[in-house]
Amino acid sequence: MELSLDEFKRVVFDREKLEIAPAARRRIERCHEFLKEFAADKVIYGINTGFGPMAQYRISDRHLKELQYNIIRSHATGAGDPLCDRDVRGAMVARLGTLVQGVSGIHISVADLLVEFINREIYPMIPRHGSVGASGDLVQLAHLALALIGEGEVHYRGQWHKTAEVLLKEGLEPMSVHVREGLCITNGTSVMTGIGLNNLIEARQLLRWSEAASAMINEVVESYDDFLSMEINAVKRHKGQQQVAANLRRRLEGSRSLRDRQSELYNSSHEGEEVFEHKVQPYYSLRCVPQILGPVADTLDYAEEVLVGELNSACDNPIVNPDTKNVYHGGNFHGDYVSFEMDKLKIALTKLTMLGERQLNYLFHDRINGILPPFVNMGVLGLNYGLQASQFTATSTTAECQTLSMPNYIHSIPNNNDNQDIVSMGTNSALIARMVVENSFQVMSILFMALVQAVDCLGAADRLSPCSREIYDEIRAFFPAFREDTPKYEEIRLMTDYLKKKNMNL
């Protein structure tokens, strides 16, 4: 089993069922049989030694199973709100991604039970706080393992239950300890990876929406179209910029709103004109979109490479290799790869959000755009207020993104008796990036509310490209044009749901 990002999305977002491929089953079983024999008379970390700085202590044979249960119970010390079902599902899929590599030495029944949890939508209670990102997500994964041994709580069919009750109801047996199951489940980057992949999927959705908004706002203000031309973007040698420009050109195919610079300014006489009525060049938030969103696109592409690689990697310790007949001790649990990408992703999305906030300001500021009423207010100016107050929400939310964009990857704090003397803080990075993702959707929601109002203020719907018109029509189906003042918080929520759920593939 090796998952692509699209396959991960189908399992985690669309709740497709999983199964372990026969080749993966054979790898797991072969590795377990080798480890069981190999460990009989050797000193191996976490099998017959203590954990972390306690690794210098030999554990007697009569306590080996107890040792594996102890790491689970002792490390289930998380705090804060539980992770949402989707993030827990992502974490379980990522944990399974490690197990099927066949270098962990666990019994096949553990992988099978994890599949049953995923397919039956049994979600262990995993608190938000607890991981420093090395030895991976010890605390959060201990909460996952706690549910697998039949203890703790799970979220099941929309309610919290004792795990033992749900296992009994579903006819499932708790995980048993054979050799190193406790350490294997608790050790690795699976929580940060699951959250990170979820963030990436929604970040890609936000990028597509930012392109769609940028296309529509240039239609609203009737920009000259050459800022998107292949010729100008080809001489800036960045893949992301060229891809964003190409995406915008496709979105704007068939538009009757954009202006042709050559016919209007090059092939026509403007003798005697002192001041040009239409802007010769629009503001940067309109014409520099490929240059602004291009780095975002490149950042997300590299993040996908890293995170999908992590999903399909063995991230626990030690690594059991039945081919070389050896057990290797190292640090594959270290979450620096994920942590760094989550910091870059949140910075990229914050810039995307800042672009959206500036485009929103352009639409609202009548003295800047020169064609729209203040705050796209279709009512009586002074008596009605349009979307004036929604800008407060967009601005404050953007400001929060800027604050959250402080890198977390570099915030290592030694702990664990200095055994973990440099750590990744990867799960914190992923969780903070999640906050930026949510904030960005909220700002984008207000921007699209303003865009469709602007289209109606100008009576421009029939001049939109087919892509823009489809979005306009879908939004107007649940957010009709308005003149009278009404609370808008419910519409913002509905818009956010729409932006998250619409298929935005070009």
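**Entry 1: the model.** A reminder to myself before I start: this is a predicted model.

**Entry 2: H9 against H18.** I looked up how helix H9 (residues 190-220) sits against helix H18 (residues 426-458), and found their axes 9 Å apart at an angle of about 20°. Angles under 35 degrees count as roughly parallel, so H9 is roughly parallel to H18. The crossing of H9 past H18 is left-handed. I also sorted the contact of H9 with H18 by class and got 22 nonpolar, eight polar and three charged residues.

**Entry 3: H9 against H11.** Next I turned to helix H11 (residues 239-251), whose axis comes within 9 Å of that of H9 and crosses it at roughly 55°. H9 and H11 are therefore oblique to each other, and the crossing here is right-handed. From H9, I listed Arg208, Glu211, Ala212, Ser214 and Ala215, which meet Val244, Asn247, Leu248 and Arg251 of H11. This contact has four nonpolar, two polar and three charged residues.

**Entry 4: the largest pocket.** I noted a volume of about 910 Å³ for the largest pocket. It has 30 lining residues, with Lys9, Ile201, Arg204, Gln205 and Asn505 closest to its centre. H9 turns up again, giving the most to this lining with six residues. I counted 16 charged, eight nonpolar and six polar residues in the lining of the largest pocket.

**Entry 5: the second largest pocket.** Nearest its centre are Ser135, Leu138, Asn416, Asn419 and Gln420. Helix H3 (64-75) supplies the largest share of its lining, three residues. By class, that lining has 14 nonpolar, 15 polar and one charged.

Definitions and conventions
Residues numbered from 1 in each chain as written. Predicted model: local features only at pLDDT ≥ 70, side-chain atom pairs only at ≥ 80, totals over all residues. Heavy atoms only, no water. Axes fitted to C-alpha atoms, helices over the stretch in contact; angles between N-to-C directions. Helix = DSSP H or I, 4+ residues; strand = E, 2+ residues; numbered from the N terminus. Parallel < 35°, antiparallel > 145°, perpendicular 65-115°, else oblique. Left-handed = near helix turned anticlockwise from the far one by under 90°. Nonpolar A, V, L, I, M, F, W, Y, C, P; charged D, E, K, R; others polar. Contact = heavy atoms within 4.5 Å. 1 Å grid on protein atoms, 1.4 Å probe; cavity = no way out; pocket = protein on both sides within 12 Å on 5 of 7 lines; lining within 4 Å. Points joined across faces, edges and corners; volume = space filled by probe spheres on them.
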